[in-house]
Amino acid sequence: MIQMTFKKEIENYHWEKVQSRIQSMNPRDVEKALNSQYLRIDDVMALLSPAAESFMEEMAQLAHQITVKRFGRVINLYAPIYVSNECSSTCLYCGFSRKNRIVRKTLTVDEVIIEGKVLYEQGFRHVLLVSGESPGHVSSDYLCQISEQLKAMFSSISIEIYSMKADKYRTLIKSGIDGMTMYQETYDHKRFKEVHLGGIKKDYNFRLETPDRGGEAGFRRLNIGVLLGLSDWRTDGFFLGLHASYLLKKYWKSHVFVSFPRLRPAAGRYQPELKVEDKYLVQLLCALRIWQPDAGIVLSTRESKELRYNLIPLGITQMSAGSNTAPGGYASGYDAEGQFEVNDCSAPEEVARMIVSKGYEPVWKDWDRAFLNN
Ligand code: SF4
């Protein structure tokens, strides 16, 4: 049983108060933040504020310097394998949502391995197993069987599935899965309730404590995130950074990653009420990099090719490439629905070439199980 979780920490903050404090920051607050060696909460709020929009050049330069110093000029590449689009949850913005009438498919273990072989041939050594939230279709036993076979090809296997208890996570880790991804989607409690209407995901607190359970179980990678477009990006960005800060301190043996994808078109035709423009995505990226120099920052194919390459120097450390969001999408040619429309459809080798053209090195393998001596 975990004694203290992020749920306790977040109780010290109120969404509306944080939101209005961020809005109240002025240019002097931003200048002070940019010149501080150690950022306080007010400094972070200043970097996320409207007042910081006139300091983007300074923020970008600082974010770039911090990233190069901490991570060098490398971008780790990974690819998702969608194992199932079955989902018992109802999330208004997602193509897999239970209410959507789509072609559903769960791959057999053998079919997942075939997908893995395609990605292995393309050069990938890190894969992310993704599914909707359906323990009946994607059980821990099923995931263990997949992992036992995939680990012969991949040095790192992560999961992005439904929230589990720590003992289940321990079982997955034993089978060779070393990373977990769990986005809160939005830390705005009210908005969370409005867009998550049913299923496991409806439970805000159970989801909020999932990265704690993953850290407690011993995952080497903990990836958290928000889905931009659901609520105020500045306030969600603040809580995302706060969550990362907490995890970095508490689970110091794990690498903590943050993601902040923007909503993409999907089955169900959900229209985001709040459009997050490119310039705001850049501000959030720079602010998080300056606040959390040790956190990995992940960029998916939800963003356009042009934007992805322009963001590389500002703090990105990991990118997906050549993604297909439908089960069997790489090899089997099933007619199953994808989770969302991919924006950057470039082939993995093209992504790698573009990374090189920016003066960075694409890294397909950044970890080996042998490091753990087991
Ligand atoms: S976001 Fe996740 S839980 Fe919600 S409908 Fe999509 S796959 Fe299911």
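A crossing of two helices is called left-handed if the near helix is turned anticlockwise from the far one by less than a right angle, and right-handed if clockwise. The model shown here is predicted, so that local features need pLDDT of at least 70 and side-chain atom pairs count only at pLDDT 80 or more, while totals for chains, interfaces and linings use all residues. Residues are numbered from 1 along each chain as its sequence is written.

**View 1. Helix α8 crosses helix α11 in a right-handed sense.** Helices (H or I, at least four residues) and strands (E, at least two) are DSSP runs, numbered from the N terminus. The axes of α8 (residues 166–175) and α11 (residues 210–217) come within 9 Å and cross at roughly 50°, which makes α8 oblique to α11. Axes are lines fitted to C-alpha atoms, for helices over the stretch in contact, and angles run from 0 to 180 degrees between N-to-C directions; those under 35 degrees count as roughly parallel, over 145 as roughly antiparallel, 65 to 115 as roughly perpendicular and the rest as oblique. On the α8 side the contact is made by Ala166, Tyr169, Arg170 and Ile173, and on the α11 side by Arg213, Gly214, Glu216 and Ala217, where two residues are in contact if their C-beta atoms, placed from the backbone, lie within 7 Å. The residues of this contact divide into 4 nonpolar, 1 polar and 3 charged, with Ala, Val, Leu, Ile, Met, Phe, Trp, Tyr, Cys and Pro counted as nonpolar, Asp, Glu, Lys and Arg as charged, and the others, Gly among them, as polar.

**View 2. Helix α8 also packs against helix α7 (residues 140–150).** The angle between α7 and α8 is about 15° and their axes are 8 Å apart, which makes α7 roughly parallel to α8. The crossing of α7 and α8 is right-handed. Ser140, Leu143, Cys144, Ser147 and Glu148 of α7 meet Lys168, Thr171, Leu172 and Ser175 of α8, a contact with 3 nonpolar, 4 polar and 2 charged residues.

**View 3. Helix α5 (residues 56–71) packs with helix α13 (residues 278–291).** Their axes lie 9 Å apart at an angle of about 45°, which makes α5 oblique to α13, and the crossing of α5 and α13 is left-handed. From α5, Met56, Met59, Ala60, Leu62, Ala63, Ile66 and Thr67 meet Val282, Gln283, Leu285, Cys286, Ala287, Arg289 and Ile290 of α13. By class, this contact has 11 nonpolar, 2 polar and 1 charged residues.

**View 4. The ligand has a shell of 4 nonpolar, 3 polar and 2 charged residues.** Around the ligand are Cys87, Ser89, Cys91, Cys94, Phe96, Ser97, Gly132, Glu133 and Lys201, a residue being near a molecule if its C-beta atom, placed from the backbone, lies within 6 Å of it.

**View 5. Isoleucine 200 is found in the loop between β6 (196–198) and α10 (204–208).** Leaving aside neighbours within four places in sequence, isoleucine 200 is in contact with Ser88, Ser89, Glu133, Tyr162 and Ser163. Isoleucine 200 is partly exposed, with 17 other C-beta atoms within 10 Å; a residue is buried if 20 or more other C-beta atoms, placed from the backbone, lie within 10 Å of its own, exposed if 12 or fewer, and partly exposed in between.

**View 6. Methionine 45 lies in helix α4 (residues 41–47).** Methionine 45 is buried, with 25 other C-beta atoms within 10 Å. Not counting residues up to four places away in sequence, methionine 45 touches Arg21, Ile22, Met25 and Phe238.
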